[in-house]
Amino acid sequence: MDTSDLFASCRKGDVGRVRYLLEQRDVEVNVRDKWDSTPLYYACLCGHEELVLYLLANGARCEANTFDGERCLYGALSDPIRRALRDYKQVTASCRRRDYYDDFLQRLLEQGIHSDVVFVVHGKPFRVHRCVLGARSAYFANMLDTKWKGKSVVVLRHPLINPVAFGALLQYLYTVVSKPGTCVKVLTIEPPPADPRLREDMALLADCALPLELRGDLWELPFPCPDGFNSCPDVCFRVAGCSFLCHKAFFCGRSDYFRALLDDHFRESEEPETSGGPPAITLHGISPDIFTHVLYYVYSDHTELSPEAAYDVLSIADMYLLPGLKRLCGRSLAQVLDEDSVVGVWRVAKLFRLARLEDQCTEYMAKVIEKLVEREDFVEAVKEEAAAVAARQETDSIPLVDDIRFHVASTVQTYSAIEEAQQRLRALEDLLVSIGLDC
């Protein structure tokens, strides 16, 4: 429903509604409809320049010489929109958010962050990562453990291997997207971010990073590391006596916290190497079980997260600067909303700035408002919201109350629903009167 609403709003040029759907409902900005069209395409086609600029600033893809870019350019209704598309540089909100998985992997390939091997193909160098190649290709896993074992530079001179084809192969291994015009399977239309095949292969690296004492318990997450697969870890995280053998490229690339910890001014946290292993860093204030969720998220952009564990993972994700993991926690908490928990979850959503979860809570509150007005925790929440507003200006409305009113009104689809909505609003107004906030 939200996706259909997004496409309709882009056709109409409703910037406010689009902003709400992307920022509050967490709808994917590059989602596609059954005609393989994106929200940006419809905004361009219908001539909504302000909306086009907003979508570009919030991660809409429009690179030159791609299917989406050319389609938007030729479909644009006006010259100002075409100029905006041509001037577009992909330094957008989605790129600034480090842990967007597809952007991270593309950056990992292009910049060679913490690469540990260089392939030289007819004179052209490619900085890559043993762990990625080994996880994605049985051939590379075997060669890196045999013929190329221990080599930091691998020179390929075979006449059938050329730099363009090798670059396309790497593009596929890192992102499951190859560029048109290469000998690798051409995908002119990009698949959805974080392709499942890619995530499954990268999760293998998380499997291998698990301490031996955690691999025996095959509940939702860990799986034994395949025999003969060497993931070549370059950092060890010690968590409550457990050692996780990991890769700087993933942790530094996905989190500014770990980048500062591993690359910048926190090197004093690094412990000496022991028995020839990678340098170790001790992490405090976190359990091995919670770090396991962080581990799988960093490598595969996913972790099986129960609502019970979501609270603890949420605080750690906030500390480690992993907004995507925070959103996963929010989705998990949204599954267990009821009359007893909704106010507490709403408080958590506000504390950790989870806009979509906060909106889901107020939407649920609107459905059960006649029961909530009798609960002390809800009354206290309204009073606290009002107190925070009163500190600024007495005539301001109460955000929590406004959000509930909005969702009550949005449920009115038929004439018969009007009376029910009015009953809910009356219950809310009666509460405000009873606590002296009827303004």
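Let's start where helix α16 meets helix α17. On the α16 side, the residues are Ile-290, His-293 and Val-294. They contact Ala-309, Asp-312, Val-313 and Ile-316 in α17. What kinds of residues make up this contact of α16 with α17? Five are nonpolar, one is polar and one is charged.

Keep in mind that this is a predicted model.

Now the geometry. Two packed helices are described by the angle between their axes and the distance between the axes. Here, α16 covers residues 288-300 and α17 covers residues 307-319. Their axes come within 10 Å and cross at roughly 70°. Angles of 65 to 115 degrees count as roughly perpendicular, so α16 is roughly perpendicular to α17. The crossing of α16 past α17 is right-handed.

Next, the nonpolar cores. The largest one has 103 residues. Which members touch the most others? Phe-119, Phe-237 and Phe-378 do. And α16 comes back here: it gives the most to this core, with eight residues.

Take a look at Phe-378.

Leu-22 takes us to helix α2, residues 15-23. Buried in α2 are Val-15, Val-18, Tyr-20, Leu-21 and Leu-22. What do the buried residues of α2 pack against? Four helices: α1 (2-12), α4 (49-57), α20 (355-367) and α23 (399-410).

Note on methods:
Residues are numbered from 1 along each chain as its sequence is written. This is a predicted model: local features need pLDDT of at least 70, side-chain atom pairs count only at pLDDT 80 or more; totals for chains, interfaces and linings use all residues. Side-chain values use heavy atoms; hydrogens and water are left out. Axes are lines fitted to C-alpha atoms, for helices over the stretch in contact, and angles run from 0 to 180 degrees between N-to-C directions. Helices (H or I, at least four residues) and strands (E, at least two) are DSSP runs, numbered from the N terminus. Angles under 35 degrees count as roughly parallel, over 145 as roughly antiparallel, 65 to 115 as roughly perpendicular and the rest as oblique. A crossing is left-handed if the near helix is turned anticlockwise from the far one by less than a right angle, and right-handed if clockwise. Contact means heavy atoms within 4.5 Å. Ala, Val, Leu, Ile, Met, Phe, Trp, Tyr, Cys and Pro count as nonpolar, Asp, Glu, Lys and Arg as charged, and the others, Gly among them, as polar. Buried means under 20% relative accessible area, exposed over 50%, partly exposed in between (1.4 Å probe, protein chains only). A nonpolar core is a set of buried Ala, Val, Leu, Ile, Met, Phe, Trp, Tyr and Cys residues joined through side-chain atoms within 4.5 Å.
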